[in-house]
Structures are given as structure tokens and as C-alpha cells.
There are 2 protein chains.
Amino acid sequence: MLALGQRARQAAKAVREASAETRSAALAAMARHIRAAAPTILAANGEDMARSQAEGLSPAMLDRLKLDPARLEAMAAAVEDVAGQADLLGEVMVDWTRPNGLHMQRVRIPIGVIGIIYESRPNVTADAGALCLRSGNCVILRGGSDAIGSSMAITEALRAGLSEVGLPEDAIQLVPTTDRAAVGAMLAGLEGAIDMIIPRGGKSLVARVQNEARVPVLSHLEGICHTYIHQAADPDKAEALILNAKLRRTGVCGATETMLVDAAIAPSLLPRLAAALIAKGCELRGDAAARAIVAMGEANEQDWSTEYLAPILSVAIVAGIDAAVAHIGRYGSGHTDCIVTEDAVAAERFLHEVDSAIVLVNASTQYADGGEFGFGGEIGIGTGRLHARGPVGAEGLTTYKYVVRGTGQTRP
Amino acid sequence: MLALGQRARQAAKAVREASAETRSAALAAMARHIRAAAPTILAANGEDMARSQAEGLSPAMLDRLKLDPARLEAMAAAVEDVAGQADLLGEVMVDWTRPNGLHMQRVRIPIGVIGIIYESRPNVTADAGALCLRSGNCVILRGGSDAIGSSMAITEALRAGLSEVGLPEDAIQLVPTTDRAAVGAMLAGLEGAIDMIIPRGGKSLVARVQNEARVPVLSHLEGICHTYIHQAADPDKAEALILNAKLRRTGVCGATETMLVDAAIAPSLLPRLAAALIAKGCELRGDAAARAIVAMGEANEQDWSTEYLAPILSVAIVAGIDAAVAHIGRYGSGHTDCIVTEDAVAAERFLHEVDSAIVLVNASTQYADGGEFGFGGEIGIGTGRLHARGPVGAEGLTTYKYVVRGTGQTRP
């Protein structure tokens, strides 16, 4: 493991100093090599699938693991998209001159070496490798054991792309073992070789990373997302938005888990919203006030902080915007929260007072996605408060340095 | 300790939502209350000094601890300066509209609750309290035991300023105990109440914080700063710059600890630089090539990574810019490094390839300071790679959220 770190650190200088064109060419070559290696990748994935099925992996996890020609093409196309993205490195973010003549710039640079620890989905290998290279970083990938064969085959294609343009293959490395101790070594930072760890996976993985990491972590915690139906909500928009926010895909972190409804509008609107949700197969769990209006199961204290990732919605009746903001502050995870209202003053208050990474008015919480933000893919959605928050694309994988040009100035 | 965290968290909402004017008025009031409380603060400091002297604190540390009317006035004036700084909160950092009509903004917000753990200097209490309030944060201060009486008296003045304008006093709290377990509780995050820890102090404090913290840390590691005299250096500038960079103040983190001199220019220039440094009382420790040119002590392997914080300079002869960059990459701490040269191409290569938080050409490394950058004070100099690097002022104590305004958009 330490050798992986040393190789990444050695590769970092070449990647950092390569031109934007070289990095773009490498990404384009990586997409070509993924396509060319399709038979190898699909065969490796077939073995992963067979082994995982025999080991009793759940159907949902098997579906995440599975690759087919269409999914593989989507993976190659995503890498190609990243190849076409603007390169951010060297951007002068701020530029000023001090009274003593010192010319100062804040210049965008890569972070360095990023460790990514993820679970089943093999496409993360390609997505993460591409975004890290776009932002001038080296990456050490530690995929889940279920997908180890698929990830190795994909990594080989990525490395062939690097090699083709003369960049060091070790800019993208996959930990070749499924040993849990390898994760521990990464969390300890591989003797200073890793600058940042990004965990992508379930609660237990993220908890282990946050507890053990000795290097900075870009965490993606769970998404306890809320859609708040304000008393001035447009009923048609409210229905369309809650259906989409809850049910478009229930397994994504931007799915709404709790609907808050103003008491003033609940008697007239909740029956309609509930009927629409139930008709689409959604289970409702309400507080006493909600249950007094529509028959539904009972939400207990735990429901308010549960990420169902399933067609289940908890429903609370609130006295107004202060109560809604307080509920979100108490139970939310700082991920994504929405107000549905035609009242601009109420909307602005909500946007200002809710302290989450993404706050929306009259738009589905399922827009919490780097692609939907125009970031060209994402490495995750940051719910922490430092460095990058919300959808994290290539920009979130950069940092800066200060460049100071003088003419011999000494400090008095 | 947990009660402190809860009170900070409760105060955070009011501070975050207060207007820029209210925060400015609070800062101005804090400066007035520091001046008004001068007799109380100086008396408390006198007791701290007497106790610390009896306990055998070193003269250098006693000097850091000491307050007098001039230092107290400087402290009040610094808080007043922060009162006059532009407020950054609510700034729209990026603004764009997606093809589907969603209007997106990245908006600057405070981090939340910041824990600051520091050692002797009582003025950190006022500086840190002021910068945290300017950036809309609440702060929990844990000062050194030597200065506990001074820090308590200063904190009371700051809190009186908050109270005067109707902001919660608990926006600024001082841990009222010198118990080391209090630091442990802060590093554990006070059950989620602390969003970021900033250690300000010596190596052992920073090491403990990095090892034990379960919340993000904004670290200020040591400054192993280099001044590299390139073969195209102007000799007069080189002499002025190395004297200033090493000797202006030897105890600051931006002081140069190692001078690198190009082999091509060393025979003619090193004798002059060495004579000037020695004349000012600086001890030189050189590698074999330096010692072959000028008589000086021997630098061992350890010297290259030692932050002397004293009038001692290690000297290495390098074969050229690649060797200089490699030396800095191997031994430097990513803090501040300078090239002295009249060759613009060499300068740009150095600025590009040295991966430190601050890189300079023809300017003293002692400019590594938030005030000198125009940031109006600093909470420290970040040597990590995430969030804020280099001098960290009020801006480094902020983060952002995404604000999305729609008209009923649902995600396809």
C-alpha cells in the first residue's frame, strides 16, 4: 500500500504540470480504450456478477454492479464529456496589487493525491478517475470487493489512455486487494501520500472513514431532504414537485424523505397530495395532525431522521415557515431542502434561513446532482461545511496557492 | 463543555441572520468595551504575569503574555479595523441559469461554530473573536492556562459589545477551565456543535489536534520557508531579501529557514551574503559545497527540515532551478517559498512548480501575513490543501450554499 502512495506522489508532479490539452487528450484516449476493452470489461463484470450472486448479494446491489453494452457506452461517453470540459488549472481567481507594489494572485491548482473509497458500482471507477485527472490530481481508488474484477479492467483502460499521451499510468491506481486493512492504510494517509479521502457508499463506510481518517475527508452523508409545502403553494406545482421529489428515483440521496405541509393549507391540499402519492405506490407516515386529515401510518421520532431510500414519505404538519425551518434544522442532514410557494418573501426567507448545502424554491430536490447543476458529473454531494459543499465536480477537487511578484520588497 | 456547544449552536442562527450593519456595530462596540475595561484587563494580566513568572515561564513566553496600555490599544484598534472591513456574507459568488430555467447561485455563508485552541498570547482572544463575528460565526475559545485571567477579562469586553447591539453573548465563549480534558471534548466536536477547529500554537498542540480531532481542522503547521538565490539574481536585492527574510523577526512562521544558492553564482555571491548575515548575528549551517566557499557550521540532514525560529540559517548549494524545486518539495512544509531572480522565465517556472501555499519572486518570505495581503488580520496561515490556504482572514471562515430558484421544474 505504501508503494501505491509513493507512486501516486511521484506521478502528481507530471500530472499537475501537464498542459490542459494533454489532460484532455488523455481523457479522450481513456474513453476510446474503455470502448476497445468492452469485451474484457464485460467478461470481468460477468465473473463479478456470478460470484456476487452466489454469495447472495441483494438484487438491488446486483443491479448496481451489473454492466451491459449500454451502460459501458454511457461510461465511455461520460469520460468523453469530461474530456470536453474546460480545464480549471492555472485560473487566476483573484488578482490585486498592494500599495507597496507587490502583485498578488490566487491561482487554482490541484489538491494532489485523492483517495476514493467506494462500494459496488463499477462506473465510479471511470467517473472518479476522469474527474480527478481533469482537475490535475492523482487518484488511488479502492473499490468494493463485489466489483473488483470490473474495476480492475476499467482501470487498465484508463491507464492505457494516460500512457498513450505520455502521462504516468500511476496517476490512476486501483488498490489490487479487497483486504479491509488496505482501507485502514488509506485512512492513515499512506505516510503523507494522500491529501484527501472521499468515501462514496453507505452509512457504515462513511462512519468508519470519519472516525478513522487522519487526512481531510470530503464527506457525503445521507440525504434527509425535505419538501415544504407553504400555505401559498400552487397546488398543481405542489403535486408535481412532491411526486417527482419523492418518487422519480427513491434510491438517490436527493430524494425527499419528509414532506412538511403548512397547517393553513393542509386540510384542503394534503388529501390531494396523499392520494397522488398513494396512487403511485408511496407509503405515508404522518404525525398526529396529518393523520387527522388523511388516514396513514404513524411517524415516530425516528422517522424524521431516516433516509428511507424507498417509496416511503414521512409527513408533518407545521404551523408556518418558522416551524418548517426549525424542523429542517433539527432533523435534516444539511443536504437539499425545498419550499413550494408563490410567495416571494416566504421563499427568500426559507432560502436564507435553511442552512443546507442546496436550498430550492419550486424545484424538485432530485435536482441535487452535479450534472443537473452543469458541473459535468460529480464525485459526490458534500454535506460538510468546509472546502466543497453540494454537488462536487472537478472544481471541488482543486485548491489554490498565492503567487506574489515583487521587485525586491522587504517587509518593514 | 457540552453546554457551551449547545449555547454556541443556539447563538449561531441569530449571528448568521444578523445584518452586516449589526455585526459591524457589535465589533465597534467591542473595541470600545476593550478600551473601557483597560484597568480590569491589565490587572488580570498582571496576575497572569506574576503567576507565570513564579511558575518559571520563559522570558520569551512572558513577553508574549504581557499586556500594557499600548498593546491593549493595538488590540482595540485591530478589532475596530475588522469592524470597518466589508461584510462578505450573502455575496453571490457565481450566478447562472440552466437550460431548463433553473436559476442557480452560489452564496457565501458562515461556517457556523468554530473552536479555536491557542496558547499564551491574550490578543488572540480579541483577534479571533472579531474575525469570527465578522464572518458570521460563533466561536468557542480555549486559551492557554498562562493567560486565562487576561483572556477572561477580554472575553467579557467582547461579550459586552455583542450584548450592546442585541446579539447573543454566547456568540463568543471562552472555556472557563484550563483542564486539558476540555481540549479533548472540543476535538470530539462537542456532540456536533463544532464545525471546525483551528489550532494556534506549537508543534505539540497542532500534532495533538491533528491526531485527535473528529471534526475538520484548519491547520497551521510549521513554516520551513526557503529563499532561493537563482543564478540570475540581482546581488543587491538578494542581500536585502535574505537579511529581511531571515532576520526581520526570527520567531514568525514566514521567516526563511533555508537559503538555496545556485552553484553558478555561489562562489561570487555567497561570501557577500554570508558576511552580511553573520554581521547581523546570524549563524550559518551549510552543506559541503557551501562550506567549501565560506567557513560555517555543518548542516546535517535534520537541519533541512528544522524550523529554527532563531537567527540560524541552513545553506545549500543547488545545481539549478530543478534542484531547488526538488529540495523545497522534499524538505519544505508547503508554507512560503521565494525565488530571487531577474530572469522572468525562471521566476515563472519556480512560481508554477513549487507547490506551496505562498510562492514569491523577489519579495521577502516575511510577507506571509494576512495583514500584508490586505486581508485585515488573519486567524492563521493554512498549510493544508483543503478549504483555505495561506493567510486566512474572514473569507477563509466562510463557506457557501447553492440557492436554486425554479418555477415548478421536475427532473425528467
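Student: How many residues from chain A and chain B take part in the contact?
Tutor: The contact, meaning heavy atoms within 4.5 Å, takes 70 residues from chain A and 70 residues from chain B. This is a predicted model, where local features need pLDDT of at least 70 and side-chain atom pairs count only at pLDDT 80 or more, while totals for chains, interfaces and linings use all residues. Residues are numbered from 1 along each chain as its sequence is written, chains are lettered from A and ligands numbered from 1 in the order in which they are written, and side-chain values use heavy atoms, with hydrogens and water left out.

Student: And what area is buried between chain A and chain B?
Tutor: About 6100 Å², with carbon and sulfur atoms giving 48%. Buried area is the accessible area (1.4 Å probe) that two parts lose on being put together, summed over both. On the chain A side, A:Leu386, A:Tyr402 and A:Arg411 supply 14% of what chain A buries against chain B, more than any other three residues.

Student: How many salt bridges are there between chain A and chain B?
Tutor: The count is 12, a salt bridge being a side-chain nitrogen of Lys or Arg within 4 Å of a carboxyl oxygen of Asp or Glu. One of them joins B:Arg16 to A:Asp355, with the closest N and O atoms 3.6 Å apart.

Student: Which element of chain A gives the most to the side that touches chain B?
Tutor: That is strand 16 of chain A, with 11 residues. Helices (H or I, at least four residues) and strands (E, at least two) are DSSP runs, numbered from the N terminus.

Student: Nice. Which strand of chain B does strand 13 of chain A pair with?
Tutor: Strand 13 of chain A pairs with strand 16 (residues 398-409) of chain B, in the parallel sense over 5 bridges. Pairing requires that DSSP finds at least two bridges between the strands.
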